[in-house]
Amino acid sequence: MTKIFLVLVLLQTLFNILVVASAANLNQDFDITWGDGRAQILDNGQLLTLSLDKTSGSGFKSKNQYLFGKIDMQIKLVPGNSAGTVTAYYLSSLGSTHDEIDFEFLGNLSGDPYILHTNLFTQGKGNREQQFYLWFDPTKDFHTYSILWNPQSIIFSVDGTPIRQFKNLESKGIPFPKNQAMSIYSSLWNADDWATRGGLVKADWSKAPFTASYRNFNAQACTWSSGSSHCSSSSSSSSPSWLSQSLDATGQERIKWVQKNYMIYNYCRDTKRFPQGFPAECSLA
């Protein structure tokens with residue numbers, strides 16, 4: 001069974017690399033927000049790069065805010081010795097009770113795997129970390145990292161393979177992000193005090209600048225402006241399909257496969273961290 005799902009995952013990965021969605025102009029979707037020239041939009045808006053050196057990292061932010069959506073970005077991570085670096089790609093609202101949906105890629109020494117760190121904040125509360133290794137080298141080519149966020153659940157996917165789901169359990173008293181519009185952010189920054197082996201391995205600045213690359217952003221989403229939302233769809237139907245999309249049987253099997261073979265940390269199993277009992281969603285999900 002594991003071999004079958006590995007073949008399916010590899011085929012999906014190949015499909016995502018070879019079949020590129022209609023390329024949006026990144027100049028229309030994002031603003032460079034910091035980095036003093038270290039972030040660039042190139043190739044007539046088809047490529048965005050973030051760079052990090054000893055002086056500074058860099059970052060960008062979406063021009064739009066979103067309230068639900070299916071959001072894809074292809075990313076190629078910092079190659080070689082990326083120890084001490086973090087490439088963060090996430091959705092977030094503002095304020096002390098903000099909501100947030102995180103992908104963070106923790107760099108490592110050459111030859112050692114990246115760690116994909118995921119987290120969720122609802123009403124300002126996070127501490128919902130799950131971490132994974134990837135089943136490919138994320139520095140060799142672009143791969144698609146996706147967030148499906150609708151009223152039923154939030155699903156993190158890599159090259160079309162779901163790796164994590166956070167269900168709407170409001171009926172059980174667990175907050176779910178549904179009222180705060182979020183912007184997309186990404187940054188490449190120095191976190192060598194904690195990112196690699198708990199900070200034991202520092203960034204090698206002789207290898208700088210470190211560079212991560214982005215392309216083929218696609219958002220089927222509800223954009224938020226002046227207190228109202230407008231939802232996009234790939235079809236002519238009045239209600240976008242992604243707004244009610246959930247994991248089918250294949251998706252449920254794939255997420256089990258990923259979590260069995262590639263998950264390296266799950267807050268819902270960390271008894272030392274939660275000696276008084278796990279967060280409520282751990283038993284209900």
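Is E100 buried or exposed? In this predicted model, E100 has a relative accessible area of 12%. The limit for a buried residue is under 20%, so E100 counts as buried.

UniProt, in an unreviewed entry, places the feature "active site" at E100 and E104. E100 belongs to strand β6, which covers residues 100-106, and E104 is found in strand β6 too. E104 has a relative accessibility of 14%. That value is also under 20%, so E104 counts as buried.

The surroundings of the two residues can be read from their contacts. Leaving out residues up to four places away in sequence, E100 touches Y90, L91, S92, N119, L120, F121 and M182. The side chain of E100 also makes a polar contact with the side chain of H98, at 2.9 Å.

Now step back to the whole protein. The chain forms 4 helices and 15 strands. Of its 285 residues, 50% count as buried. Among contacts with a separation of 6 or more, 66% are accounted for by residues 24 or more positions apart.

The largest nonpolar core has 56 residues. Strand β4, residues 58-76, supplies the largest share of this core, with 7 residues. The residues with the most contacts inside the core are I101, F103, W149, I154, I163 and F217. Not counting residues up to four places away in sequence, I154 touches I101, L120, I147, L148, W149, R164, Q165, F166, F176 and P177. Two of the names in that list, I101 and W149, are also among the residues with the most contacts inside the core.

Aromatic rings are another feature to look for. The search of the whole structure finds 16 aromatic pairs. One of them is formed by F274 and F278, with 6.4 Å from centre to centre and 65° between the planes. An angle over 60 degrees counts as edge-to-face, so the pair of F274 and F278 is described in that way. What is the exposure of F274, buried or exposed? F274 is buried, with a relative accessible area of 18%. F278, at 37% relative accessibility, counts as partly exposed. Elsewhere, ring pairs link F30, F60, Y214 and F217 into a cluster. F217 was named above for its contacts inside the largest nonpolar core.

How many disulfides does a search of the whole structure find? The search finds 1 disulfide. C268 and C282 form this bond, with their sulfur atoms 2.0 Å apart. The pair links distant parts of the chain, 14 residues apart. C268 lies in the loop between β15 (263-266) and α4 (280-284), while C282 lies in helix α4. The angle about the S-S bond is -80°, and the link of C268 and C282 is left-handed. C268 has a relative accessibility of 17%, which is under 20%, so C268 counts as buried.

Terms used
Residues numbered from 1 in each chain as written. Predicted model: local features only at pLDDT ≥ 70, side-chain atom pairs only at ≥ 80, totals over all residues. Heavy atoms only, no water. Phe/Tyr/Trp six-rings, centres within 6.5 Å; stacked < 30°, edge-to-face > 60°. Buried < 20%, exposed > 50% of the residue type's maximum accessible area, 1.4 Å probe, protein only. Disulfide = S-S within 2.5 Å. Helix = DSSP H or I, 4+ residues; strand = E, 2+ residues; numbered from the N terminus. UniProt positions renumbered as here; feature names shortened; annotations may be inferred. Contact = heavy atoms within 4.5 Å. Polar contact = N/O pair within 3.5 Å; in protein donor to acceptor, adjacent residues only side chain to side chain. Core = buried A, V, L, I, M, F, W, Y, C linked by side-chain atoms within 4.5 Å.
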